[in-house]
Amino acid sequence: MPGILYLVPTPIGNLSDLSPRAVDTLSQADFIAAEDTRVTLKLLNHFSIKKSMVAYYRHNTAAGGQAILKRLLEGETCALVSDAGTPAVSDPGEELVRLCVDHGVEVVALPGPCALTTALSVSGLPTGRFSFEGFLAMNKKNRRDHLSSLKNETRTMIFYEAPHKLLTTLQDLAELFGPDRPVSLCRELTKLHEEVIRTTLGEAVTRYTDQSPKGEFVLVVAGAESAAEEAPDPDDALAQVNALRREGVSLKDAVRQVADSMGLKRNLLYSMALESDKG
Ligand code: SAM
């Protein structure tokens, strides 16, 4: 009978965020697969956990994955951790999960620290619908293609970014989405210098042109205003004109006021109002 692969989220900064269940799972697994065994050793030492580890990282996923799979198929249990946060979200764990699923090995995910959900929840931007975009490619054309495909995205978008690429990414975002688009720069979450800067893309570019960004960042970018929100509804405009007239405003003034505020043509609204007067 095969063993189980446990996905164990680890703190993204604050060590107190490791859950008691995560500690138990790490302690009880037969072995731990870690992205960087030196990073994980510090965590294990902090919690007095002694456990054998194997390295599973970006450049050994093929051989490393097969070795882990073999042990799982022989009945061992493995706890997979990344350097920080939830394994398999923008890190090589994704491939190990696929391998296990394909070979009928049970995978159990523990909930816990994740940079994506921590940033989204604190961003102050709409959270009802969102699109996680992970890291943008290093290659300029691929980055631009990726961002161009998001030009009309109305959901909140979340990007992971390394500090040395932050300014370029902000510049690309401001150019494609416009400088007024709201963005929340979530920096060093759960750490001593934790900071959430709620600003616009244009202001973010200015800020990091003046000072170089330090620490880890998640960018949460507001979605585009939907076409429905952008296009003024003439029936809605007419209703507003009629409401103003009931308050004693003249037809001409009501039309001017509403047409200007909604970006509609005055003569179109004026004709509509006359038509509706005729009943
Ligand atoms: N799997 C992890 C997760 O989802 O929590 C993320 C792994 S990914 C390789 C690392 C990226 O997560 C960083 O480049 C940064 O964008 C983000 N990140 C991790 N820790 C963070 C923190 N404390 N504050 C802000 N962003 C963080």
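A: Helix 10 (residues 234–246) packs with helix 11 (residues 251–262) at an angle of about 140°, their axes lying 9 Å apart. The model is a predicted one, in which local features need pLDDT of at least 70 and side-chain atom pairs count only at pLDDT 80 or more, while totals for chains, interfaces and linings use all residues. Residues are numbered from 1 along each chain as its sequence is written, and side-chain values use heavy atoms, with hydrogens and water left out. Helices (H or I, at least four residues) are DSSP runs numbered from the N terminus; axes are lines fitted to C-alpha atoms, for helices over the stretch in contact, and angles run from 0 to 180 degrees between N-to-C directions.

Helix 10 and helix 11 are therefore oblique to each other, given that angles under 35 degrees count as roughly parallel, over 145 as roughly antiparallel, 65 to 115 as roughly perpendicular and the rest as oblique. Their crossing is right-handed, a term used if the near helix is turned clockwise from the far one by less than a right angle. On the helix 10 side, Asp236, Ala237, Gln240, Val241, Leu244 and Arg245 meet Leu251, Ala254, Val255, Gln257, Val258 and Met262 of helix 11, where contact means heavy atoms within 4.5 Å. By class, the contact of helix 10 with helix 11 has eight nonpolar, two polar and two charged residues (Ala, Val, Leu, Ile, Met, Phe, Trp, Tyr, Cys and Pro count as nonpolar, Asp, Glu, Lys and Arg as charged, and the others, Gly among them, as polar).

Helix 11 also packs with helix 12 (residues 266–278), the two axes coming within 9 Å and crossing at roughly 130°. That angle makes helix 11 oblique to helix 12, and the crossing of this pair is right-handed. From helix 11, Leu251, Lys252, Val255, Arg256, Val258, Ala259 and Asp260 take part in the contact, and from helix 12, Arg266, Leu269, Tyr270, Ala273 and Leu274. By class, this contact of helix 11 with helix 12 has eight nonpolar, no polar and four charged residues.

Technical notes: Helices (H or I, at least four residues) and strands (E, at least two) are DSSP runs, numbered from the N terminus.
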